[in-house]
Amino acid sequence: MNIRLSEAPKKTASPVPDPILFGFEGPSGCILGRGPAQRIAPGTAATLASRIAAVALDPDEIIGGALPFDREAADCLWQCRRDKARAPLASVQGGLPLAGWRLTAEPSACDYAQAVSRALGIMADEAGRSDALEKIVLARTLLVESAAPVPIEALMAQLRADRSVTAFRVALPWGADHPQGRALCGATPELLVEKQGRRVLSHPLAGSARRLADPAADRAAAAALAQSAKDQREHALVVESILDILAPYCRDLSCPEGTRLTSTRSMWHLGTRIEGRLKDGDTPSVVLASALHPTPAVCGVPTARAAELIKTIEPVARDYYAGAVGWCDAKGDGAWHVAIRCAEVSGRRARLYAGAGIVPGSDPMAEAAETGAKFGALLAALGLPQDAALQDLPCDGET
Ligand SMILES: C=C(O[C@@H]1C=C(C(=O)O)C=C[C@H]1O)C(=O)O
């Protein structure tokens, strides 16, 4: 047997903090990967297909985990048993709301708005050039520090209460920096790619509006989003990129329903359902995910240029945020989601991330507010004020 797997986590160094290596629960069901696990030899996107081809999976085993935002960074994929019980991710409620918490915005909403202005300046300077920056997705973070460890089980129970999203958790590599383990936890509304036999499906989102408590105002926000030329442009770039990347793998590929409004409890989005039939039904779903990632929904256009700028503009590394999380079975079937509306949780700390797509015509203050609204789902799940990241807006000197 020719299996290139790294050694299982060493018990003496740092025990697996939780027997669940990864879990996904959403509209298409519940998938749990439980230990004992082996970590697939970590590597970059360039070597993923060959590393996966070298893995022999038993029928009751799956591969699952997280691909980082940066294609040059190492992935975190686990090979483990698929839990047949199809149990929900968690039913424990204890430990929330968080007690004795403190929030630090990194960067502040106002510094974020300045970064958006800078990106818009670059786009304006380059307009008309063939390699001009057309879109960039800029993110900011909120660091939550609490008096007690963040209870992952209870957090997952809160996140899965929104039935329109896929609640997920993935155990991440840990070490001296994270003696209590580390996990990426979130509730993503965005399907990067799902593969069943030859059938392939993607449901990108781009173009957003905050949901409002008043039903009439909420409907008006949705209608304004549907008619926004800026948001439609932002969205079309994502759909074009996914169609271009999937086309060589597919026999047929289409967007039968066109672009439609979709919603979570806290956000409206423009979404497009893309469906296709693969030429080769054995192509592993994780390979398709890696080929597609990062889409312009989380990176930009042109991709490499936007990724480079993101590294220089954003003060906090994305790590696994805006990467992909998912699973893949022995037949290559599986689902991979865009790792957004999430937090990296370790001990008493949770780092929340949120980003927004910037195109010519974007308003820096509106983009800062959009990211503030996108934190809402995680903040609410932690029992913190849902609008905590909106409170320092507008910035001094702005109206
Ligand atoms: C980058 C995020 O979301 C992405 C960006 C969107 C936008 O710019 O409108 C919408 C959905 C996501 O594809 C995030 O939530 O952090």
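## Burial and basis

A residue counts as buried if 20 or more other C-beta atoms lie within 10 Å of its own, as exposed if 12 or fewer do, and as partly exposed in between, with C-beta atoms placed from the backbone. Arg348 has 16 other C-beta atoms within 10 Å, so Arg348 is partly exposed.

This is a predicted model: local features need pLDDT of at least 70, side-chain atom pairs count only at pLDDT 80 or more, and totals for chains, interfaces and linings use all residues. Residues are numbered from 1 along each chain as its sequence is written.

## Overall fold

The protein has 9 helices and 20 strands. These are DSSP runs numbered from the N terminus: helices are H or I with at least four residues, strands are E with at least two. Of the 399 residues, 48% are buried.

Along the principal axes, the C-alpha atoms fill a box of roughly 65 × 55 × 40 Å.

## Nonpolar core

A nonpolar core is a set of buried Ala, Val, Leu, Ile, Met, Phe, Trp, Tyr and Cys residues joined through C-beta atoms within 7 Å. The largest one has 117 residues, and Leu138, Cys185 and Ala339 have the most contacts inside it. Helix α2 (residues 109-126) gives the most to this core, with 7 residues.

Contact means that two C-beta atoms, placed from the backbone, lie within 7 Å. Beyond its neighbours within four places in sequence, Leu138 touches residues including Tyr112, Ala115, Ile313 and Gly355.

## Ligand shell

The ligand is surrounded by 19 residues; the closest are Ser208, Ala297, Ile340, Gly355 and Gly357. Elements giving two or more residues to this shell are β6 (135-145), β11 (205-210) and β20. Strand β20 gives the most, with 5 residues. A residue is near the molecule if its C-beta atom, placed from the backbone, lies within 6 Å of it.

Arg348 sits in the loop between β19 (342-346) and β20 (349-358). Leaving aside neighbours within four places in sequence, Arg348 contacts Glu145, Ser146, Ala148, Pro149 and Val150.

Strand β12 (residues 250-254) lies largely in the open, because 0 of its 5 residues are buried. β12 pairs with β15 (residues 274-278) in the antiparallel sense over 4 bridges. Pairing requires that DSSP finds at least two bridges between the strands. Leu253 stands opposite Gly276 in β15.
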